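Hi there,

Here is the structure I promised to pass on. Please have it open while you read.

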Amino acid sequence: TRVDKGGHKHFMAKEIAEQPTVLGEAIRNYLSSDGTAISLPGDALDFTKINRLTMVACGTAFYACLTAKYWFEQLANMPVEVDVASEFRYREPPVTEGTVALFVSQSGETADTLAALRYCEGKADKILSVVNVPESSIARESDIAFPILAGTEIGVASTKAFTCQLTVLLLLALEAAKQRGTLDDARFAELLKNLSALPGLVNIALDGEPQMAAAARKLAEARDILFLGRGVMYPLALEGALKLKEISYIHAEAYASGELKHGPIALIDKHVPVVVLAPRDSLFDKTVSNMQEVMARAGKVLLVSDRAGLDEGGDGTWLTLQMPSVDPVLSPILYAVPAQLLAYHTAIAKGTDVDQPRNLAKSVTVE
Ligand code: G6P
């Protein structure tokens, strides 16, 4: 099927805008019709028998895995290991009893991820994958392939595939939590309800695009940009920095907020914007003190938070972007929108080729 830009200037813009729709489809596909239970495709998966989950991927899919590690650990009390495929495959890690291996790939054809999967064949109890292309090599070689239902993604910088990967990974973590009895029924029900409402919040976040574009025009003047996040928002900071460097060619790095003082704070001066992705969650106070350390060194903070977070932590910041408030478990999916749109509009301001960034390929099928 031929895919066009549907009135958008770039495929990336179209794919960002499609997220409320495709996320809604992915969520509905994995929930019972009344929305109160999770139904997974393929053979029944017994999460109580899993001693360790090993997740392997490349690029943006790797950051989806890093995010999911927080969910599987916190919601399902499941030990998780995450690695980039190019390291995993050559390290020859032991795959011990009770290990389930999970590979995440938009294309399902990334050479390193496929090789890592083949390394686990005959060693892992089960091989699972989370893919966008159901007929891909990675899907075919898995015991169970979970489709993310994002639809064709053309933009080299992954956007809707990332949020759909996160959504499917969260549903797997919730099912694991249910089976392992690590989440009480009321919280489980509440999370499913909040997840079903998430596409609506993503729509509201998308309405903030003009403000994000204005902030991006200022970011476009920088040579280096830092991204900070804590807890489940740390992998999203990594993804925000990756998106920005991929398409705007501005040097961007991400750190866990608490690591700032262990090195990167040396880089802070009035020329280095610091993008802080921080909903008002249980770790927010700690992030505010990290921001204050930045501002005390004349650093320019762009704080992305909700109303409560901006009220509490907005003083002295350079710029702010307001997000709707959201269940803290779901915040990486919602805050992916400003991460994507900041990168997109920074690239537009710089005049770079958004859909076909230099030196990058959509799918890396060679080593
Ligand atoms: C390439 C793409 C990235 C993608 C990565 C992994 O580097 O440019 O956007 O995240 O490959 O691709 P996959 O298809 O395995 O998710």
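First, two housekeeping points. This is a predicted model, where local features need pLDDT of at least 70, side-chain atom pairs count only at pLDDT 80 or more, and totals for chains, interfaces and linings use all residues. Residues are numbered from 1 along each chain as its sequence is written. Helices (H or I, at least four residues) and strands (E, at least two) are DSSP runs, numbered from the N terminus.

As a reminder, strands of a sheet pair through backbone hydrogen bonds, either parallel or antiparallel. Here two strands pair if DSSP finds at least two bridges between them. Axes are lines fitted to C-alpha atoms, for helices over the stretch in contact, and angles run from 0 to 180 degrees between N-to-C directions.

Strand β4 (residues 126–131) pairs with β5 in the parallel sense over 4 bridges, and L128 stands opposite I144 in β5. Two residues are in contact if their C-beta atoms, placed from the backbone, lie within 7 Å.

**The ligand shell**

Which residues come nearest to the ligand? Of the 15 residues around the ligand, they are G59, S105, Q106, S107 and T110. A residue is near a molecule or strand if its C-beta atom, placed from the backbone, lies within 6 Å of it. Helix α3 (residues 59–76) gives the most to this shell, with 3 residues. By class, the shell has 5 nonpolar, 9 polar and 1 charged residues. In this scheme Ala, Val, Leu, Ile, Met, Phe, Trp, Tyr, Cys and Pro count as nonpolar, Asp, Glu, Lys and Arg as charged, and the others, Gly among them, as polar.

**The sheet with β6 to β10**

Another open sheet has 5 strands in the order β7-β6-β8-β9-β10, and the pairing is parallel. Here β7 (251–256) and β10 (319–323) are the edge strands, each pairing on one side only. Strand β9 (residues 300–306) runs parallel to β10 and is joined to β10 by 5 bridges. In β10, T320 is the bridge partner of L303. Helix α10 (residues 234–248) packs on the sheet, touching β6 (224–229), β7 and β8 (273–277), and its direction makes about 175° with that of β7.

**Helix pairs**

Two packed helices are described by the angle between their axes and the distance between the axes.

Helix α8 (residues 185–207) and helix α13 (residues 331–350) pack at about 20°, with their axes 9 Å apart. That makes α8 roughly parallel to α13; angles under 35 degrees count as roughly parallel, over 145 as roughly antiparallel, 65 to 115 as roughly perpendicular and the rest as oblique. In this contact, L198, L201, V202, A205 and L206 of α8 meet I333, L334, V337 and P338 of α13. The contact residues divide into 9 nonpolar, no polar and no charged.

Helix α9 (residues 209–219) also packs on α13: their axes come within 8 Å and cross at roughly 55°. That makes α9 oblique to α13. The α9 side of the contact includes E209, M212 and R217, and the α13 side includes P338, L341 and H345. By class, this contact has 9 nonpolar, 2 polar and 2 charged residues.

Finally, the axes of helix α2 (residues 19–30) and helix α7 (residues 160–180) come within 10 Å and cross at roughly 25°, which makes α2 roughly parallel to α7. Q19, V22, L23, A26, I27 and Y30 in α2 meet K160, T163, C164, T167, V168 and L171 in α7. These residues divide into 8 nonpolar, 3 polar and 1 charged.

Best wishes
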